[in-house]
Amino acid sequence: MIIYDLCCDGAHQFEGWFDNIDDFEQQRTDGLLTCPLCGNAEVRRLPTASHVKTTGHELVSRPSTNSLNPSESSVEFVRELHKYVETNYDNVGVEFSEEARRIHRGHAEERNIYGSATPEQVSALREEGIHTLSLPAKPPAKDKLN
Ligand SMILES: [Zn+2]
């Protein structure tokens, strides 16, 4: 799993999770990569790709609205990603931005959390120096054919 620092035409910086560089290029070519703040599809990878864990904990936000329409090839990856996060992260739901702030200020136990956040909330957190990762929306469950 690779996390890239991305930037849209509007100079918004955000992060994307990919299984490899080909996945990133494929999603970009297919127009599946859009800026979570403005929806711009002109997304490029920043040359200094790095995942900065400033305080030893990771925060994951899930956009409350989904404009992504992942191709079948990436659906499996996204499903795995959600499984990983759900297993290893503490679900704080809509309290995400508040809890992220509490952790950032040392008012709550430092741990990995995930939840939902609006682009405005993510933007506000970023301005406060709180690093979050956006998780692609969860694909629908597989059809169970018995
Ligand atoms: Zn943007």
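These are my notebook entries on a predicted model of one protein.

**Entry 1, inventory.** I began with the secondary structure and counted four helices and seven strands in the protein. Reading from the N terminus, I noted the element order as β-β-α-β-β-α-β-α-β-α-β. I then looked up burial: of the 146 residues in the protein, 24% are buried. For contacts with a separation of 6 or more, I found that 65% are between residues 24 or more positions apart.

I looked up the pLDDT before going into detail. The protein has an average of 76, and 76% of the residues score at least 70. Where is confidence lowest, and where is it highest? Strand S4, residues 59–63, has the lowest mean, 53, while helix H3 has the highest, 90. I marked two stretches for caution. Residues 48–57 stay under 50 in pLDDT, and the model gives them 14 contacts beyond four places in sequence. Residues 63–70 are also below 50, and this stretch has 20 contacts in the model beyond near neighbours in sequence.

**Entry 3, the antiparallel sheet.** I traced an open sheet of three strands and wrote down its order as S2-S1-S3, with antiparallel pairing. Strand S2 (13–18) and strand S3 (43–45) are the edge strands, each pairing on one side only. On average, neighbouring strands in this sheet are turned by 45 degrees against each other, direction ignored. I then followed one pairing in detail. Strand S1, residues 2–8, runs antiparallel to S3 and is joined to S3 by three bridges. Which residue in S3 is the bridge partner of Leu-6? I found Arg-45 there.

I looked next at helix H1, residues 21–29. H1 lies across S1, S2 and S3. Against S2, I noted that H1 runs at about 115 degrees.

I moved on to strand S5 (residues 90–93) and strand S6 (residues 113–117). S5 and S6 run parallel, and three bridges join them. I checked Gly-93 and found Gly-115 of S6 standing opposite. What is the handedness of the β-α-β unit that S5, helix H3 and S6 make? I recorded this unit as right-handed, with H3 covering residues 96–104. H3 is also the element that I had noted for the highest confidence in the protein, at a mean of 90.

Note on methods. Residues are numbered from 1 along each chain as its sequence is written. This is a predicted model: local features need pLDDT of at least 70, side-chain atom pairs count only at pLDDT 80 or more; totals for chains, interfaces and linings use all residues. Two strands pair if DSSP finds at least two bridges between them. Helices (H or I, at least four residues) and strands (E, at least two) are DSSP runs, numbered from the N terminus. A crossover is right-handed if, with the strands pointing away from the viewer, the path from the first strand over the helix to the second runs clockwise. Axes are lines fitted to C-alpha atoms, for helices over the stretch in contact, and angles run from 0 to 180 degrees between N-to-C directions. Two residues are in contact if their C-beta atoms, placed from the backbone, lie within 7 Å. pLDDT is the predictor's confidence in each residue, from 0 to 100. A residue is buried if 20 or more other C-beta atoms lie within 10 Å of its own, exposed if 12 or fewer, and partly exposed in between; C-beta atoms are placed from the backbone.
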